[in-house]
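This report looks at the overall fold and then at two residues in turn. Please have the sequence and the coordinates at hand while reading.

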Amino acid sequence: MHGSCAGVRVGIGGEGMSKMKELRERAEEYAREHKKACEGWTHGEVEKAWLDDDGNICVQYEDGCWWHYRETEESLVWW
């Protein structure tokens, strides 16, 4: 499954490194949850992460597949 994320990469300013680190940590957390929910994960590790125009985190994996992720009150959702 490929996500579609015509978004923007995170803008880097004076706080850039901490924002990038926070984004990467969140992406890794979401990836762990996604992998636990899927048997036989074949997409590899996180390759890159960015925010889309709506503020959702998008994560691309080593095989080129990527998803949007969003936390709700009930759970983490991806598409």
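In which strand is the place of Trp78? Trp78 belongs to strand 4, which covers residues 76-78.

## Basis of the values

This is a predicted model, in which local features need pLDDT of at least 70 and side-chain atom pairs count only at pLDDT 80 or more, whereas totals for chains, interfaces and linings use all residues. Residues are numbered from 1 along each chain as its sequence is written, and side-chain values use heavy atoms, with hydrogens and water left out.

## Overall fold

The protein has 1 helix and 4 strands, arranged along the sequence as α-β-β-β-β; helices (H or I, at least four residues) and strands (E, at least two) are DSSP runs numbered from the N terminus. Of its 79 residues, 34% count as buried, where buried means under 20% relative accessible area, exposed over 50%, and partly exposed in between (1.4 Å probe, protein chains only).

## Trp78

With a relative accessible area of 28%, Trp78 is partly exposed. Leaving aside neighbours within four places in sequence, Trp78 is in contact (heavy atoms within 4.5 Å) with Glu33, His34, Ala37, Trp67, His68 and Tyr69. The C-alpha atoms of Trp78 and Cys58, which are 20 residues apart along the chain, are separated by 9.2 Å.

## Asn56

Asn56 sits in the loop between strand 1 (46-51) and strand 2 (57-61), and Asn56 is buried because its relative accessible area is 9%. Not counting residues up to four places away in sequence, Asn56 touches Trp50, Leu51, His68, Tyr69, Arg70 and Trp79.
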